[in-house]
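Good morning, colleagues. Please bring up the sequence and the structure, and I shall take you through helix packing, aromatic pairs and a few individual residues.

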Amino acid sequence: RVCGPSESQCTQETMAEHGAHLTTASVVDDRPSIFEVVAQDGLMTAVRPALQHVVKVLAESNPAHYGFFWRWFDEIFTLLDLLLQQHYLSKTSASFSENFYGLKRTVMGDAHRLQRLASAGLPKKQFWKSIIFLVLLPYLKVKLEKLVSSLREEDEYSIHPPSSRWKKFYRAFLAAYPFVNMAWEGWFLAQQLQYILGKAKHHSPLLSLAGVQLTRLTVQDIQALAYKSTESSMIHQPAKSVSEKIKSTLKKALGGVALSLSTGLSVGVFFLQFLEWWYSSENQETIKSLTALPIPPPPVHLDYNSDSPLLPKMKTVCPLCRKTRVNDTVLATSGYVFCYRCVFNYVRSHQACPITGYPTEAYAESTLS
């Protein structure tokens with residue numbers, strides 16, 4: 001190419017073009033890794049059983065007050081999930097778990113997807129498809145699994161008469177269900193393998209059916225989301241008519257419920273996972289094995305030398321200077337507390353604990369081991 005008047009100007013133009021190419025490549029290469037997409041898939045999957053366990057404990061403790069929540073847990077969870085996902089899809093163009101990991105949904109085949117910000121929300125077609133695959137499909141899958149479980153119990157205990165046509169039908173259904181479920185899971189596994197190898201744009205077939213794909217949030221998306229949340233909290237336009245007031249009140253109420261759900265899930269998701277781990281059988285066995293061990297005895301006093309002082313009766317008195325402690329310092333090797341100046345000088349001189357005689361070093365200006 002033809003350079004400018006000076007060689008330095010030509011070099012600067014070349015570097016600018018190279019930098020623009022790198023910036024464009026980084027914007028286009030916004031596909032999340034397989035670890036990100038699998039982690040966001042597992043987030044809501046982990047929340048449901050943990051929350052179900054909490055409701056079960058409450059229902060067993062007080063069936064009169066909390067039995068309703070246990071009997072209708074699937075429907076209540078689906079309703080709350082609907083409000084949550086509707087809020088995030090319309091405000092951030094992503095589900096709750098996708099937004100939690102800094103991802104968004106973009107329309108497939110949209111030439112202007114890079115210019116479309118996450119705060120604009122999804123188009124209606126992709127929005128309702130996403131709602132169906134995020135909320136309705138998991139609900140139907142849970143109900144189907146419960147139906148299969150109940151039919152297997154009926155078949156094992158022979159509740160239906162042997163000559164019943166219904167029994168032949170559901171036996172055929174039970175025989176075919178494992179293969180259908182295996183094909184379903186295999187479909188998802190094959191899609192994830194293609195995504196890992198870079199031969200597919202989706203890690204899940206449901207995203208392809210919804211007509212969207214996952215990309216990372218850009219700096220512009222984050223700024224637009226922050227500006228939108230600030231603007232919505234500052235602007236309050238009074239409604240003109242009664243119908244507009246009712247609509248505005250309902251909209252604010254649904255938005256408040258969705259916001260409280262999202263905030264509660266963001267804070268409580270790890271707590272719920274902790275509860276799931278805590279009540280697991282493996283963890284309970286570990287706790288029992290640990291608590292069954294005898295309590296270790298306290299450190300035995302060693303008469304290290306004639307200068308070793310006895311412990312004072314008052315716990316606030318330093319064993320070395322016999323005065324109220326100043327700048328309390330714990331000796332990590334024995335657990336006894338002294339004044340900092342007293343124990344530091346003693347350890348530096350004797351390299352041992354004044355009480356137990358355990359070998360000790362002053363390895364830092366203000367830290368004893």
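**Helix packing around α2**

Let me begin with α2 and α4, whose axes come within 12 Å and cross at roughly 135 degrees. Axes here are lines fitted to C-alpha atoms, for helices over the stretch in contact, and angles run from 0 to 180 degrees between N-to-C directions. Helices (H or I, at least four residues) and strands (E, at least two) are DSSP runs, numbered from the N terminus.

Before going further, the provenance: this is a predicted model, in which local features need pLDDT of at least 70 and side-chain atom pairs count only at pLDDT 80 or more, while totals for chains, interfaces and linings use all residues. Residues are numbered from 1 along each chain as its sequence is written, and side-chain values use heavy atoms, with hydrogens and water left out.

To return to the pair, α2 and α4 are oblique to each other, because angles under 35 degrees count as roughly parallel, over 145 as roughly antiparallel, 65 to 115 as roughly perpendicular and the rest as oblique. The crossing of α2 past α4 is right-handed; a crossing is left-handed if the near helix is turned anticlockwise from the far one by less than a right angle, and right-handed if clockwise. On the α2 side the contact is made by M44, R48, L51, Q52 and V55, and on the α4 side by F73, D74, F77, D81 and Q85, where contact means heavy atoms within 4.5 Å. These residues divide into 5 nonpolar, 2 polar and 3 charged. In that division Ala, Val, Leu, Ile, Met, Phe, Trp, Tyr, Cys and Pro count as nonpolar, Asp, Glu, Lys and Arg as charged, and the others, Gly among them, as polar.

How do the axes of α2 and α3 cross? Helix α2 (residues 34–61) and helix α3 (residues 63–71) have axes that come within 7 Å and cross at roughly 150 degrees. The angle makes α2 roughly antiparallel to α3. In this case the crossing is left-handed. From α2 the contact draws on Q52, V55, K56, L58, A59, E60 and S61, and from α3 on P63, Y66, G67, F69 and W70. By type, the residues of this contact are 7 nonpolar, 3 polar and 2 charged.

**Aromatic pairs**

A pair of aromatic rings is described by the distance of the centres and the angle of the planes. Searching the whole structure gives 11 aromatic pairs. Rings of Phe, Tyr and Trp (its six-membered ring) pair if their centres lie within 6.5 Å; planes under 30 degrees apart count as stacked, over 60 as edge-to-face and the rest as tilted.

One of these pairs is F73 with F77, which is stacked, at 5.8 Å centre to centre and 25 degrees between the planes. Why are F73 and F77 separated by about one helical turn? They are so placed because they are 4 residues apart in helix α4 (residues 73–92). F73 is buried at a relative accessible area of 6%, and F77 is buried at 11%; buried means under 20% relative accessible area, exposed over 50%, partly exposed in between (1.4 Å probe, protein chains only).

The pair of F96 and F100 is tilted, with 6.2 Å centre to centre and 40 degrees between the planes. Both residues lie in helix α5, 4 residues apart, about one turn of the helix. F96 counts as buried at 1% relative accessibility, whereas F100, at 32%, counts as partly exposed. Y88, F96, F100 and Y101 form one aromatic cluster.

**Individual residues**

S97 also belongs to helix α5 (residues 96–100). Is S97 buried or exposed? S97 is buried, with a relative accessible area of 5%. Not counting residues up to four places away in sequence, S97 touches Q40, L43 and M44.

Q192 is found in helix α7 (residues 165–196) and is partly exposed, with a relative accessible area of 23%. Leaving aside neighbours within four places in sequence, Q192 is in contact with I34 and H203. The C-alpha atoms of Q192 and H202 are separated by 7.7 Å, the two residues being 10 apart along the chain.

K315 lies in the loop between α11 (281–291) and β3 (328–330), and is exposed at a relative accessible area of 76%. From K315 to R325, 10 residues apart in sequence, the C-alpha to C-alpha distance is 9.4 Å.

**The whole chain**

Finally, the protein chain comes to 12 helices and 4 strands. Of its 369 residues, 30% count as buried.
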